[in-house]
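Biologist: Hi! Could you walk me through this one? I'm new to reading structures.
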Amino acid sequence: MSAKKITMRVTRYRPEQEDAPTEQAYELEFPDDWVVLDALNYIKDDVDGTLTFRWSCRMGICGSCGMMVNGEPKLTCAAFLRDYYPAEIRVEPLQYFPIIRDLVIDMTDFLHKLKAITPWIVRDEEKPLAEGEYLQTPAQLADYKQFSMCINCMLCYSACPVYGHEPEFIGPAAIALAHRYNLDSRDEGQEARQQVIASSEGIWDCTLVGECTEVCPKRVDPAMAIQRTKVATTTEWAKSMLMPWGKQ
Amino acid sequence: MKQPEPEYTYPTYHRPIPATWWLRDRKYFLFMMRELSSFFIAVFLLIYLYGLSLLSKGQAAYGQFQETLRSGGFTLFFVVAFIFAVYHSWTWWSIMGKVQVVRLGDHKVPERVITAVALAGWVVASAVVLFVFTR
Amino acid sequence: MYEVNKTEPFWWGLFSLGGVVAALFVPIHIIMVGFLSAEAVGYHQMVALVGNPLIKLYLFTLVSLPLFHAAHRLRFALKDLGLKVAGGLLGVFLYGGAVFGTMVAAYIVATLP
């Protein structure tokens, strides 16, 4: 069986030598089981050592190798070349993020937003170690498990035109993770998180394009998390209007 | 002691977003059409409201307006508005299961079941309205 | 830092109620007004119908809520189409239009014969 040949058009941006990103084409032969990340590593090792990109685990759990593949946000470790062959493949850095170099984007903004929603279990008062673990039933685990699968790969931000147009939008993954901790029976941090996600930059900016959910490699469904938070927040608001004497 | 976060400065490139971003991909185009459906629905309802106001003006005025609505231009509008309205209904019921959690005892009702029930409800509601408003 | 937005739940609530009303009832009304024979929704029968206060309430809801639905959707769609600068003004204009339409609808429906 003869090896197949494919052309990859890869974004290059070297700030010390150019003002705007350009595109470089690489032609390569590939075995059937290669993914886009394999091809990038082949280019870096054997063709052009200057190509820069992020990657780590090669198995869809580290969340580092997200890029635009033919205009769609993908984990490049899970995008098989054979699925694109014989067409060319365009590989670009995740869209809506600033580019630092070649395929590497600046994720500082995302990290700030992630931190803002306190993505850890918050307790009003920690119980003494001697009293043991915080127990949880399988049903309580099932309530939030789906939303805990997020690997912070940022594909959902790249699929979100709202984030593109309003960079202050807290965004799909951060809100889904806020939802994950809010649903956790051991957590008591809901009020502080609500300050962030019920703000103008939070859930209200979302127009339910729904692509965050479509591109998520872990089936987290941020669109669902955001809509449910909107319903819950609006219901609470209506209750506080109709029964202002009730619990704040 | 809380350590201050270090600040790094480095040049970055911000890609411009073309105004046609929603035309370049079917998914984003369909999203925009879904949002646009609300406009056609609103315009239809304003026409409908005007028709209702003519009920106060007597049979002749109302009948004449009904005639006008049967002209080619209005018929074209109604065809377009109907397609948009049905698209709105379809998308609305499709995402219903995502938005609303329905519990039966300990069980969460699956998204698909919620959508199916909503679609059935839509058909029933349409039939009831048709029955009440036409003779 | 972030602050809870206290008005958005109000607009979003009206948006979603309007979405439900539009999804349930608008297609069949378009068929009746646009495609059925004029006699099917003729004058005498409509006048007889709108005499019923429940029908009046229904017609008011049918027109009013989807106006808020449209105002909300268009506000965000136009924002994402690049009208961001006009953000605040756009909201005033669109929600204002929906409020005005609601008042007109209330007047028309209330004064029906």
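Modeller: Happy to! Let's begin with two strands of chain A: strand E3 (residues 66-69) and strand E4 (residues 72-75) pair in the antiparallel sense over four bridges. Strands here are DSSP runs of E, at least two residues long, helices are runs of H or I of at least four, and both are numbered from the N terminus; two strands pair if DSSP finds at least two bridges between them. This is a predicted model, where local features need pLDDT of at least 70, side-chain atom pairs count only at pLDDT 80 or more, and totals for chains, interfaces and linings use all residues. Residues are numbered from 1 along each chain as its sequence is written, chains are lettered from A and ligands numbered from 1 in the order in which they are written, and side-chain values use heavy atoms, leaving out hydrogens and water.

Biologist: Which residue in E4(A) is the bridge partner of A:Gly66?
Modeller: That is A:Leu75. E3(A) and E4(A) form a hairpin with two residues between them, and A:Asn70 in the turn has a positive phi of about 50 degrees.

Biologist: What else does E3(A) join to?
Modeller: Two bridges join E3(A) to strand E5 (residues 89-92) of chain A, and these two run antiparallel. Here A:Met68 has A:Glu92 in E5(A) as its bridge partner.

Biologist: And are the faces of E3(A) covered or open?
Modeller: Both are covered: A:Gly66 and A:Met68 on one side, and A:Met67 and A:Val69 on the other, are all buried. Buried means under 20% relative accessible area, exposed over 50%, and partly exposed in between, using a 1.4 Å probe and protein chains only.

Biologist: New topic: how many residues of chain A are in contact with chain C?
Modeller: 22 residues of chain A are in contact with 14 residues of chain C, contact being heavy atoms within 4.5 Å.

Biologist: How much area do they bury?
Modeller: About 1700 Å² between them, 63% of it on carbon and sulfur atoms. Buried area is the accessible area (1.4 Å probe) that two parts lose on being put together, summed over both. In chain A, A:His165, A:Trp204 and A:Trp237 lose the most area to chain C, together 34% of what that side buries.

Biologist: How many salt bridges cross there?
Modeller: The rule, a side-chain nitrogen of Lys or Arg within 4 Å of a carboxyl oxygen of Asp or Glu, finds two between chain A and chain C. One salt bridge is formed by A:Glu166 with C:Lys79, with the closest N and O atoms 3.4 Å apart.
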